[in-house]
Structures are given as C-alpha cells and as structure tokens.
Amino acid sequence: MISSTPQTDTVHVIGGGLAGSEAAWQVANAGVRVVLHEMRPLRMTEAHRTEGLAELVCSNSFRSDDAANNAVGLLHAEMRRLGSLIMRCADANQVPAGGALAVDRDGFSAAVTRALHDHPLIEIDRTEIAGLPPAEWANVIVATGPLTSAPLADAIRELTDENALAFFDAIAPIVHKDSIDMSVAWFQSRYDKVGPGGTGADYINCPMTKEQYDAFVAALLAGEKVDFKDWETNTPYFDGCLPVEVMAERGHETLRHGPMKPVGLTNPHNPTVKAYAIVQLRQDNKLGTLYNIVGFQTKLNYGAQQRVFRTIPGLENAEFARLGGLHRNTFLNSPKLLDGQLRLRAQPRLRFAGQMTGCEGYVESASIGLIAGLYAAANARAQSLEPPPVTTALGSLLGHITGGHIETIEAGTRSFQPMNINFRWHKAARQREDGGKKAGAQRPGAGRSRSLDRRSPARSGGGVTP
Ligand SMILES: Cc1cc2nc3c(=O)[nH]c(=O)nc-3n(C[C@H](O)[C@H](O)[C@H](O)COP(=O)(O)OP(=O)(O)OC[C@H]3O[C@@H](n4cnc5c(N)ncnc54)[C@H](O)[C@@H]3O)c2cc1C
C-alpha cells in the first residue's frame, strides 16, 4: 500500500469514525479511489467498544431534526441533500425519540460499515497510522477524532508547533429497560412532542420529590470520583457535556434547570402532584431493551454510579448495560492552523475533518467530513470547489472552524473552543449579507428556514453551490 511515488489519484482517509466514514463515501462517490485506515479492532480507544465504522460512543441521538427551528436540524437537511451516508444510515435506523433523530447504534454502524465495504472504490485498511502519514500520500484526510492515538497526536503536535488542547467529556450510563420499575416511571416525551419516528411517548421519566432531589444532589456531590492523572488536573471540561456531578457543584438547582427539569411532563401515576425534578431515559437500541440516562455523563467511579443512580425513583433495581466514564478530547487551533479548505497550512497535503477541527458532536463532525471529502475529491480531479455559502448551516460551521473565530477573550489555543452548531453564526452571516440590516425583524422561523430554502448547498457539477 505504501508506494514511493506520490499518490495524487488516491485519497487516504485516516479514521473510520463519523467524519472519516462520510469523507470516504463522498470521495468515492466523486469517482476517486479511497483507502480508509481504521485502527480498530487492532487498537481500541478508551471509548469505542466495537470494530464497526461510525460507532457512536455515547448518546445515540443526532439531536433535533427540525430544519426550520434548529441549527442541527438544518444541518441534517443540508447533509441529506448532499447525499450523506451518515444521514442515510441514521434515517434507516432511527428509533423513537420525541423531536430528536435517534438511532439504533449497532444497526446504524453496521449500515455505514456495509456501505463502505461494498463500495468498489473504497479499500478498508485496519491499521493504526502511528505517526505522520508517509510523504508519498499526497491527498490525506485526518479524521481520527477526539481520541486520536498518541503517536499520531504527538506527530501532529510537533508538526504544528502547537499544544493540542486536551479537555474532558464524559459518557452517560445505559440501563436495561426491564430493570426499570414502570409502576413508578412512565413513558412520555416532553410536551408530548412526536418528532421523527416518535409517538409522543418516547422517553421513560422518573419523578422526584424535593426531598429526593435534595438527597440525590448531596449523594452526587459526595460520590467518589475517578482519580485524575497528573497531566489531567488542569484540563477543563467542555461546557456542553458537563458531568452531572459537576453541574450539581455549580448550584443546588442547576440540574432542575438542566437535564432534570420537570416541565412538559405529567406523571400518570400521580397526575395532581407536580414532580420537583424528573430524570429522563432515552431509547438506545431498536429493540427498545436499552435506555440511556439523558444528560447523566459522569466521572463518578463505578461503585458510586450504581449506588447513587439507584436512588432515582424507578431505578432502584436498575441493571446497567454500561456505566458512565470519562475521556479526553483533542482538537487543533483550526482558525490559525487550517486554510479555508481544512488543509494544514504547514503541510497542505494533510486535510483535517471531524471533531479534531474543533467542531463538537456526531452531526457536526460528519458534516465536516462531508465537506472535507468533497474538497479532497476536487483536488484529486484537479477541479476547484466553491465553498458552501456562509448563510448555510454547513457554510457557517466551516466558517467558524476555519476563520470565524477571533481571539478576543484570551490569546492562544484556549480561545478557540469546540462548539455545537448554532444559529448565531448564521444570523451574523445573514446580517453581513444583508448589509447590516437587522435579521431580528423577521419571525424567528422565517430567518432560519430561509437558508435552507434559498441557500442550502446542493451538489452541482464539481462544487458545493446554492
Ligand atoms: C466519550 C465520548 C462521548 C461523546 N458523547 C457524545 C454524544 O453524546 N453526542 C455527540 O454528538 N457527540 C459525542 N461525542 C463526540 C463524538 O464522539 C464526536 O463528535 C464524533 O464521534 C467525532 O467524529 P470523528 O469522526 O471526528 O471521530 P470518531 O468518531 O471518534 O472517529 C475517529 C476514528 O479514528 C480512529 N483512529 C484514531 N486514531 C487513529 C490512528 N492513529 N490510525 C487509525 N485510526 C485511528 C478511531 O478508532 C475512530 O474510529 C463524544 C465523544 C466521546 C469521546
């Protein structure tokens, strides 16, 4: 596989996660040969459990599918229009989840793996790339994610002369449904929202009285945590994925205004009494036998998790299919290091995609894989590719990564932080496009859906154009 002559006609994708799988698919569908290098199962990460491509390591949710009112929903819609493999397989494996698009994780990963395996232009190579890719690989996409193996991460750090910033995310536990006491818990989606593939009664809800909530918060605070290693002690958390006990530390009522908010839900076992707090569990597999505790990512040790989470009414006898855990994350200071086409300025043959570029989440990572794949294919075919307009969700996300960020708060890599997609980038871009006119004059949904109606990227010829 490693040849001594430059391989301009082959794209090497390193990492078969959400971004790498999507990138490989896009490159191959553009008629360019791809070698997809994935180190699992020979070498596993701290979070992956299978050898499947596009494995979802924690939640099984792709979040809102509402293209008119939610930025990630708009990104779903744009990706579908661009022929996304990840969205196709997600749609084919969805499980009920209220207004969200959630999937059977094994069915989803198997579908992605099969599609890539069956593609005549894709070769899957199960090896770790333990250092910089060979010099003769002229067109490379690095999509090795938040848990990039150490030799490659070190080589990239050395090449960029930057300290790649590590921080923590945590995983939520998963419970066997038949161990949940449904004489206490009940099925209902918040505000009975039906959503894609849902029924309006997709979540399992566990109610708490004030006394139970007070005791639960105290138990979280007192629970034994996983010890930090020396190098980890100053590593910050990503605010969008805070461990449940860290949220509790921020204030006694914080959880009641976050994952345990008791609004839009009525307990049929006790309809006249309003719960003080409610824990929700979301279906995790198509069979409906597994449910994950929403927002309960944690760094409590295993013993403390079982003890504390079994104090939740309805979960007294919960059997855990998987307990929560802690992991590191690694990302580049992309606005400084990458050009507008996601290429490393220091070595443009290396293009980056996925969470390493500083986006956050399955969908965002896959979408950056998608655009990286289109750019790499265009390069291989000596074509140019117009970037997606900044008024699209994809364009605004790409803009945030490669240029939208300004170091005003704090200099250095800490200033650029991973983020989920949001409409603020969009709004700012629209305002720029409208010559400074205030976009806020429109009704909220109108402004947002406009970018889908008028500006969604659709593949046209060799480019991503409105
Ligand atoms: C523990 C944890 C919990 C998370 N929870 C959520 C969540 O609930 N919801 C959400 O939306 N996002 C979550 N995320 C983020 C989400 O996992 C990422 O956004 C997404 O998976 C990133 O996609 P990616 O393709 O960049 O990386 P990944 O999906 O991680 O794929 C990277 C791939 O590269 C492979 N690899 C690594 N190094 C090498 C190497 N040197 N050579 C060859 N292969 C290599 C890995 O095995 C892996 O398959 C979580 C992340 C972690 C780690």
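Student: Which residues have the most contacts inside the largest nonpolar core?

Tutor: This is a predicted model, in which local features need pLDDT of at least 70, side-chain atom pairs count only at pLDDT 80 or more, and totals for chains, interfaces and linings use all residues. Residues are numbered from 1 along each chain as its sequence is written. A nonpolar core is a set of buried Ala, Val, Leu, Ile, Met, Phe, Trp, Tyr and Cys residues joined through C-beta atoms within 7 Å, and buried means that 20 or more other C-beta atoms, placed from the backbone, lie within 10 Å of a residue's own. The largest such core has 118 residues, and those with the most contacts inside it are Ala-23, Ala-24, Val-27 and Ile-141.

Student: Which element gives the most to the shell around the ligand?

Tutor: Helices (H or I, at least four residues) and strands (E, at least two) are DSSP runs, numbered from the N terminus. At least two shell residues come from each of α1 (18-29), β8 (165-171) and α10 (362-380). With three residues, the element that gives the most is α1.

Student: Why is one side of β3 and of β4 left without a neighbour in the sheet?

Tutor: Strands pair if DSSP finds at least two bridges between them. The open sheet has three strands in the order β3-β5-β4, with antiparallel pairing. β3 (61-64) and β4 (94-95) are left so because they stand at the edges, each with a single partner strand.

Terms used
Buried ≥ 20, exposed ≤ 12 C-beta atoms within 10 Å, placed from the backbone.
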